[in-house]
Amino acid sequence: MSTKQAPRAEAHRQESLFTDIEPVAPQRVPTVELRAPLGGPTRYTTMESPVGTLTLRGDGEALGGVYTPAKDDSTLGVPADWVADPAPFAEAVRQLTAYFAGELRDFTLPLAPAGTEWQRRVWTGLTTIPYGETASYGQLAEELGRPTASRAVGMANGRNPISIIIPCHRVIGANGTLTGYAGGLERKKFLLGLEARVASA
């Protein structure tokens, strides 16, 4: 077991990848409630997926993190005090498996990501972007009441610990570029492509 510190810093990247996907006019779904993590040991498990080995962590009741491999395909370094325990993640694994199979669009899981008040506001905003749709950093900043805070939205987006389920991959540049995904832009493109195919089927 690695003793490297986690979670890995997921700062907003400047790389970009052009795509034919464009952010659309705001179309939103109800927000997902995010609660504070409980005390006690951090539990974790891993699962295989089309985007590589995912590391899931949580407090035993709610999910606190879903980490894809990094751009270099390295997986999350798990601290020595984390407890390997797949049992609390059975439903999360089931729903993620169904998502990748194109059989599930909306996750129904208790979520408890640790972050600042601003980060949690942004992450809550991410949960309102519908499956198969996208939004720009500027659109989210406007909706959060800070129209000049596109960069701050991007930085918070890049630090989202619960990838896929809190859909930071659905945020793209105003000109249609894919930017700032900790797992690499090819993974972001894969997730958007999967959702686009399922949504149009």
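Predicted model: local features only at pLDDT ≥ 70, side-chain atom pairs only at ≥ 80, totals over all residues.

Trainee: How are two packed helices described?

Mentor: One gives the angle between their axes and the distance between the axes. Here, helix α2 (residues 117-126) and helix α4 (residues 150-158) have axes that come within 9 Å and cross at roughly 80°. The two helices are therefore roughly perpendicular to each other.

Trainee: Which residues make the contact?

Mentor: From α2 come Trp118, Gln119, Val122, Trp123 and Leu126, while α4 supplies Ala152, Val153, Ala156 and Asn157. By class, seven are nonpolar, two are polar and none is charged.

Trainee: And what should I look for in a core?

Mentor: In soluble globular proteins, nonpolar side chains tend to be buried together. The largest nonpolar core in this model has 44 residues, and Leu54, Leu56, Leu63, Tyr99, Ile164 and Ile165 have the most contacts inside it. Among the elements giving two or more residues to this core are β3 (54-58), β4 (63-67), α1 (90-100) and α5 (185-200). A second, separate core has five residues, including Tyr67 and Trp82.

Trainee: What does Ile165 touch, beyond its neighbours within four places in sequence?

Mentor: Isoleucine 165 is in contact with Leu63, Val66, Leu96, Phe107, Leu109 and Leu111.

Trainee: How do I check the length of α5?

Mentor: At 1.5 Å a residue, its 16 residues should span 22 Å, and the end C-alpha atoms are 22 Å apart, so the two agree. Buried residues of α5 include Leu185, Leu191, Leu192 and Val198, along with Arg187, Lys188 and Glu195.

Conventions
Residues numbered from 1 in each chain as written. Heavy atoms only, no water. Axes fitted to C-alpha atoms, helices over the stretch in contact; angles between N-to-C directions. Helix = DSSP H or I, 4+ residues; strand = E, 2+ residues; numbered from the N terminus. Parallel < 35°, antiparallel > 145°, perpendicular 65-115°, else oblique. Contact = heavy atoms within 4.5 Å. Nonpolar A, V, L, I, M, F, W, Y, C, P; charged D, E, K, R; others polar. Core = buried A, V, L, I, M, F, W, Y, C linked by side-chain atoms within 4.5 Å. Buried < 20%, exposed > 50% of the residue type's maximum accessible area, 1.4 Å probe, protein only. Expected span 1.5 Å × (residues − 1).
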